[in-house]
Amino acid sequence: MPLLEFTSKGIYCKQADVYLDPWRGVDKALISHGHSDHARWGTKQYITNEINVPIIKHRLGNIIASGRKYNETFTINGVQFSFHPAGHVPGSSQIRAEYKGEIWVFTGDYKTQADGISTVFEPVPCHTFITESTFGLPVFQWEQPQKVHDSINQWWAQNHSEKTTSLLMGYSLGKVQRLLKHLDSSISKIYTHGATEHMTQVLRQFIDFPRTELITRDTTKKEIEGSLVLAPPAVLGSAWIKKLGLLSTGYASGWMAFRGARRRRAVDRAFVLSDHADWKGLLSAIRATGCENVITTHGYTELFAQYLKEQGWNARTQKTQYESETEEILVAE
Ligand SMILES: [Zn+2]
């Protein structure tokens with residue numbers, strides 16, 4: 001019997017009778033991070049990293065959730081568990097399980113580049129590594145994030161000088177806060193859409209961010225002229241966007257690395273900035289664990305597992321219901 005198995009409800013540890021990021025409601029679940037495909041409603045008891053507790057409560061309402069520190073071990077029916085930084089978004093964790101000397105690690109989502117807001121990814125030695133592979137193709141190779149942040153600030157400064165408002169869009173948990181953290185607030189004021197503002201408020205107890213102001217019914221076009229507005233991509237084509245006046249639109253996502261993505265999204269500027277590991281990041285993470293077995297769960301699972309097999313790993317894919325939040329963004333069109 002493997003330590004972790006894949007069931008119709010999600011990844012299951014039978015020995016501890018606990019699920020990891022289940023996609024159906026269960027009695028007890030360990031949760032890797034707050035994105036909606038990993039932290040779902042309907043479970044009686046959630047156990048997660050302490051930073052995730054207010055994030056998940058903000059998203060799921062009045063739930064029972066307890067927080068653990070990174071690297072803190074706790075035992076359920078003889079199985080030792082711990083959460084380790086995954087570097088994906090604030091609070092994101094790899095989940096380690098050890099029983100009778102056998103060690104499994106489930107990554108949830110992760111990235112190996114530092115982003116300035118999430119605790120940096122730490123490799124965790126294990127025998128079996130259950131990994132995402134959202135960008136598991138060699139074409140995906142990220143630039144230095146600072147270059148992307150610099151070009152965002154230059155775009156904003158240029159728009160500001162032309163009395164044009166910059167609308168910068170990104171996913172509400174993680175991406176938008178990463179963008180905000182690196183904005184040059186000396187250029188002008190930073191405004192937010194409600195969805196962006198509320199999640200950012202949750203994270204302000206852990207992270208220092210520049211000041212933001214929520215756009216309300218009373219906010220006028222004149223007030224926000226030349227400023228930067230942070231919002232989720234779902235606002236594209238909505239009535240909300242019309243009150244912003246003269247706009248230049250920008251969208252930050254790893255998917256912008258795809259040729260044609262900019263045209264499909266109909267935005268003025270595309271910024272390639274991902275919260276997932278690129279090809280080299282995935283490989284370096286796997287190597288650093290020293291694992292023998294790899295299970296790929298979402299993204300380019302087949303091609304990536306095939307490559308790993310050719311390199312000598314015992315690799316296979318496993319169908320799950322994790323989607324990568326990036327797909328939700330594409331659906332939001
Ligand atoms: Zn995620």
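Student: What do the buried residues of α8 pack against?

Tutor: In this predicted model, the buried residues of α8 pack against β11 (128–133), β18 (293–299) and β19 (314–317).

Student: What makes residues of α8 count as buried, and which ones are they?

Tutor: A residue is called buried if 20 or more other C-beta atoms lie within 10 Å of its own, and in helix α8 (residues 301–310) Thr-301, Phe-304, Ala-305, Tyr-307 and Leu-308 are buried by that criterion.

Student: Why are the buried residues of α8 said to line one face of the helix?

Tutor: When the helix is viewed down its axis, the buried residues of α8 fall within an arc of 160°, so they are taken to line one face. After α8 comes Gly-312, which has a positive phi near 105°.

Student: What makes β2 and β3 count as paired strands?

Tutor: Pairing requires at least two bridges between two strands, and three bridges join β2 (residues 10–13) to β3 (residues 18–20), so the pair qualifies. These strands run antiparallel, and the bridge partner of Ile-11 in β3 is Leu-20.

Student: Why are β1 and β6 said to stand at the edges of their sheet?

Tutor: The open sheet is made of six strands in the order β1-β2-β3-β4-β5-β6, with mixed pairing. Each of β1 (5–7) and β6 (65–68) has a single partner strand, so one side of each is left without a neighbour in the sheet. Helix α1 (residues 52–60) packs on this sheet, where it touches β4 (28–31), β5 (45–49) and β6, and its direction makes about 135° with that of β5.

Student: How do you know that β16 and β17 pair?

Tutor: Four bridges join strand β16 (residues 247–253) to β17, against a requirement of at least two, so these parallel strands count as a pair. Within this pairing, Ser-253 stands opposite Val-272 in β17. Helix α2 (residues 145–161) packs on the sheet, touching β12 (165–169), β15 (228–231), β16 and β17, with its direction at about 160° to that of β17.

Student: What makes residues of domain 1 and domain 2 count as being in contact, and how many are there on each side?

Tutor: Contact requires C-beta atoms within 7 Å of each other, and 17 residues of domain 1 are in contact with 15 residues of domain 2. The side of domain 1 that touches domain 2 has eight nonpolar, seven polar and two charged residues. The domain assignment gives domain 1 as 5–140 + 275–324 and domain 2 as 145–272, and their C-alpha centres lie 29 Å apart.

Conventions
Residues are numbered from 1 along each chain as its sequence is written. This is a predicted model: local features need pLDDT of at least 70, side-chain atom pairs count only at pLDDT 80 or more; totals for chains, interfaces and linings use all residues. A residue is buried if 20 or more other C-beta atoms lie within 10 Å of its own, exposed if 12 or fewer, and partly exposed in between; C-beta atoms are placed from the backbone. The arc is that of the directions from the helix axis to the C-beta atoms. Two residues are in contact if their C-beta atoms, placed from the backbone, lie within 7 Å. Axes are lines fitted to C-alpha atoms, for helices over the stretch in contact, and angles run from 0 to 180 degrees between N-to-C directions. Domain bounds come from an automatic or database domain assignment. Ala, Val, Leu, Ile, Met, Phe, Trp, Tyr, Cys and Pro count as nonpolar, Asp, Glu, Lys and Arg as charged, and the others, Gly among them, as polar.
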